[in-house]
Amino acid sequence: MNMPKCSLLAFAFVILPSNLLAVSAQKSTDDLVQCLTDRTGKNVTPTFIRVIHTPQDRTYTPIYDLLLQELRFMTNSTPKPQVIVTPLIESHIQATIYCSKKHGFQIRIRSGGHDFEGSSYISKVPFVVLDLFSLNSINIDIKTATAWVHSGATLGQFYYAISQKSRNLAFPAGYWSTVGVGGHLAGGGYGALLRKYGLAADNVIDALIIDVNGAILDRSSMGEDLFWAIRGGGHGNFGVIVSWKVKLVAVPEIVTVFKVNRTLEQGATKLVHKWQYVAPSMHEDLTMTTNQ
Ligand SMILES: Cc1cc2nc3c(=O)[nH]c(=O)nc-3n(C[C@H](O)[C@H](O)[C@H](O)COP(=O)(O)OP(=O)(O)OC[C@H]3O[C@@H](n4cnc5c(N)ncnc54)[C@H](O)[C@@H]3O)c2cc1C
């Protein structure tokens, strides 16, 4: 074939760097894993629970898929993390922050995985998913009507834990039981008790956050400005929020819930129109919502 010399040269020029890039990307992932392994002690804890998961591990895909709530991101073309870390203790989070910074990886923090845009498990640059689902403990103090709850717990786990301790206390947060406490409280969080008690974030009284330098801060050490910011603007913007101290609120032992279904033919439009005027002026013990 009569191919001019210059095209052959250009071809060689293009192929070589892409191979080199792949090799250097693999090398930085290996360096990251080595750093994480060194810093978390061993990858496997005394109870044989794995903390670091790479695509070569059998645990990687099940963990990645476990909390992937948006089906539209369940595709082969969705960018996947180079590593998933499932911390069991705070120092595993500190190790992830240190090693990701050192080796140039972005961190995506995932609590319950319900982010509508997949921001807890997708990135356009090489990244690590810090998946908090194992950090899910809940400590309730009935006497003070407060609780410390880890970000990796779900709303359902939290509601259930409260119900096991008291039939007259609750936490005012969202309707959906699989939503993660981490992303929910960091973004606001509304549910059936909104009218009486406000957002979930309004009922947070302390929090533990690990910042970009790996420092663990509580309300007094982070300061009131940051404490204000993480209750609404906390989605991965200021650090990893490990746990939250919240106020529990008083509820009656029995509540009544009912549903009225109306089609368009049965006057649903008129009903929704009316609802907008009536709902805000009702007694705060009554919440009215519309669903499709
Ligand atoms: C089916 C469904 C039902 C819903 N119902 C309600 C409802 O009733 N009321 C309501 O108010 N909202 C509701 N939402 C919205 C939900 O509250 C938000 O999407 C919330 O951010 C999800 O939190 P998550 O931890 O599950 O999600 P994730 O995807 O894990 O996190 C959401 C965002 O927060 C960041 N983040 C997560 N954990 C941390 C952490 N520990 N520290 C710092 N940043 C963190 C993530 O990086 C991501 O950007 C619902 C969403 C879905 C999909």
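This is a predicted model: local features need pLDDT of at least 70, side-chain atom pairs count only at pLDDT 80 or more; totals for chains, interfaces and linings use all residues.
A search of the whole structure finds one disulfide, which is formed by C35 and C99, with their sulfur atoms 2.1 Å apart. Because C35 belongs to helix α1 (residues 5-39) and C99 to helix α3 (residues 90-103), the pair ties together parts that are 64 residues apart in sequence. The link of C35 and C99 is left-handed, with an angle of -80° about the S-S bond, and both C35 and C99 are buried. A disulfide is a covalent bond between the sulfur atoms of two cysteines.

Helix α3, which contributes C99 to this link, also contains H92. With a relative accessibility of 5%, H92 counts as buried, because the cut-off for that class is under 20%. When residues up to four places away in sequence are not counted, H92 is in contact with T40, V51 and P87.

In helix α8, which spans residues 224-233, the buried residues are L226, F227, A229 and I230. These residues lie on the same side of α8, because they cover an arc of only 165° around the axis. The face of α8 turned away from this buried side carries D225 and W228, both of which are exposed. The cover over the buried residues of α8 includes two helices, α5 (181-187) and α7 (219-222), together with the strands β8 (204-210) and β10 (240-247).

The largest pocket holds about 2,000 Å³ of space. Its lining is made up of 45 residues, of which A192, V257, F258, T287 and T289 are the closest to the centre of the pocket. Among the elements that each supply at least two residues of this lining are the helices α4 (155-165), α6 (194-197) and α9 (268-278), as well as the strand β7 (169-170). Of the elements, α9 gives the most to the lining of the largest pocket, with six residues. When the lining is divided by residue class, 26 of its residues are nonpolar, 11 are polar and eight are charged.

Methods
Residues are numbered from 1 along each chain as its sequence is written. Side-chain values use heavy atoms; hydrogens and water are left out. Buried means under 20% relative accessible area, exposed over 50%, partly exposed in between (1.4 Å probe, protein chains only). Helices (H or I, at least four residues) and strands (E, at least two) are DSSP runs, numbered from the N terminus. The arc is that of the directions from the helix axis to the C-beta atoms. Contact means heavy atoms within 4.5 Å. A disulfide is a pair of cysteine sulfur atoms within 2.5 Å. On a 1 Å grid over the protein atoms alone, a cavity is a set of points where a 1.4 Å probe fits but cannot get out, and a pocket is an open set with protein on both sides within 12 Å along at least five of seven lines; lining residues have an atom within 4 Å of a point. Grid points are joined across faces, edges and corners, and a volume is the space filled by probe spheres set on the points. Ala, Val, Leu, Ile, Met, Phe, Trp, Tyr, Cys and Pro count as nonpolar, Asp, Glu, Lys and Arg as charged, and the others, Gly among them, as polar.
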